[in-house]
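Hi,

Here is the structure I promised to pass on. Please open it first, then read my notes below.

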Amino acid sequence: MEHYEKNLSSPKYIKELLKNHNFFLSKSLGQNFLVNPYICPKMAEMSGAQNNFVLEIGTGIGVLTKELAKIAKKVCAVEIDSNLIPVLNETLADFNNIEIINQDILKVDLKKLFDEKAKNMKICVCANLPYYITSPIIMHLLELNLNIESITVMVQKEAAQRICAQPGSRECGAISLAVRYYSKPKFLFNVSRGSFFPPPNVDSCVIKLEINKTLPIQVNNTSKFFDMVRAGFSQRRKVLINPLSTKLNISKDNLKNIFNNLNIPNNVRAEQLSLEQFANIFNSIQNKYVDKI
Ligand code: SAM
């Protein structure tokens, strides 16, 4: 027997496995599989999967799924590509605490899934995300407001920088504030492009979002609040009053008054404000112009 036999970190074995199943990698589904043997055990451990329920997104051939199943009570792994199911049935055959769900993660009824499968267990999410839908998946998980403890994900390096950006920094965008509303983002470690088969054109990072038990600010309509934040960042080179005035149809003079009352300079740009300052602007506009926001 050769040393690469059944080793999911061996490109040689992966090629053979995929050939046997007549499987062809899909670039559009982001199918770059982890082959660096140190990454998955580290990710699984840092995700807090120990004795808990884990939702994995994008199983691939199951290299991370296996490491999660070794330490978690139960793993539900969602994979969109039905051609991978026979492969997973082979690679994960030794585990009895893994359930594979062949669906698009954005279409899974996660509330129902957690109610049925994660009774009395803490819920963690751990995934090497398909990069073409990183933000939609993260926002979907956060906005559902389910009982998730933490989300540990591998994402493209630039996405990690945006997601973890401090308010007030140049990288800060609407997603940084949205993520900070629901969670505390933490950078865990870098992963080079050479850790994948086939190697992608970008480097990656593993980040962890620890879900807030209490929200850091009070706004009475979260979705309208983030509409306003997104409008603010839509022209990030301009002073914030300009895009807000256009989007909300409120005169610049009225917005200047609101900013003055809140001690926010009139020439501030969106990236310079904290989540709390955005909330103060939103609440003041809402008090004065109920119909506009
Ligand atoms: N976890 C594996 C690993 O680390 O090697 C695979 C990660 S690969 C970057 C992303 C996986 O997500 C692929 O297997 C792809 O088919 C799957 N995927 C893509 N879009 C998806 C979606 N909307 N829902 C569920 N899985 C998806």
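Start at Gly-62. Setting aside neighbours within four places in sequence, Gly-62 is in contact with Leu-8, Leu-88 and Leu-92. Keep in mind that this is a predicted model. Where does Gly-62 sit? Its place is the loop between strand 2 (53–57) and helix 3 (63–71). Is Gly-62 buried or exposed? Its relative accessible area is 0%. Buried means under 20%, so Gly-62 counts as buried. Now look along the chain to Asn-287, 225 residues away from Gly-62. The C-alpha atoms of these two residues are separated by 52 Å.

Next, the largest pocket. It holds about 680 Å³ of space. Its lining has 39 residues. Closest to the centre are Leu-29, Gly-30, Gln-31, Asn-32 and Pro-130. Which elements give two or more residues to this lining? They are strand 1 (33–34), strand 2 and helix 3. By type, the lining residues divide into 22 nonpolar, 13 polar and four charged.

Last, turn to helix 7, residues 157–164. Its buried residues include Ala-159, Ala-160, Ile-163 and Cys-164. Why do these four lie on the same side of helix 7? They cover an arc of only 120° around the axis, which puts them there. What covers the buried residues of helix 7? Two helices are part of the cover: helix 6 (134–143) and helix 8 (174–182). Strand 6 (148–156), strand 7 (183–191) and strand 9 (204–211) are also included.

Best wishes

Key
Residues are numbered from 1 along each chain as its sequence is written. This is a predicted model: local features need pLDDT of at least 70, side-chain atom pairs count only at pLDDT 80 or more; totals for chains, interfaces and linings use all residues. Side-chain values use heavy atoms; hydrogens and water are left out. Buried means under 20% relative accessible area, exposed over 50%, partly exposed in between (1.4 Å probe, protein chains only). The arc is that of the directions from the helix axis to the C-beta atoms. Contact means heavy atoms within 4.5 Å. On a 1 Å grid over the protein atoms alone, a cavity is a set of points where a 1.4 Å probe fits but cannot get out, and a pocket is an open set with protein on both sides within 12 Å along at least five of seven lines; lining residues have an atom within 4 Å of a point. Grid points are joined across faces, edges and corners, and a volume is the space filled by probe spheres set on the points. Ala, Val, Leu, Ile, Met, Phe, Trp, Tyr, Cys and Pro count as nonpolar, Asp, Glu, Lys and Arg as charged, and the others, Gly among them, as polar.
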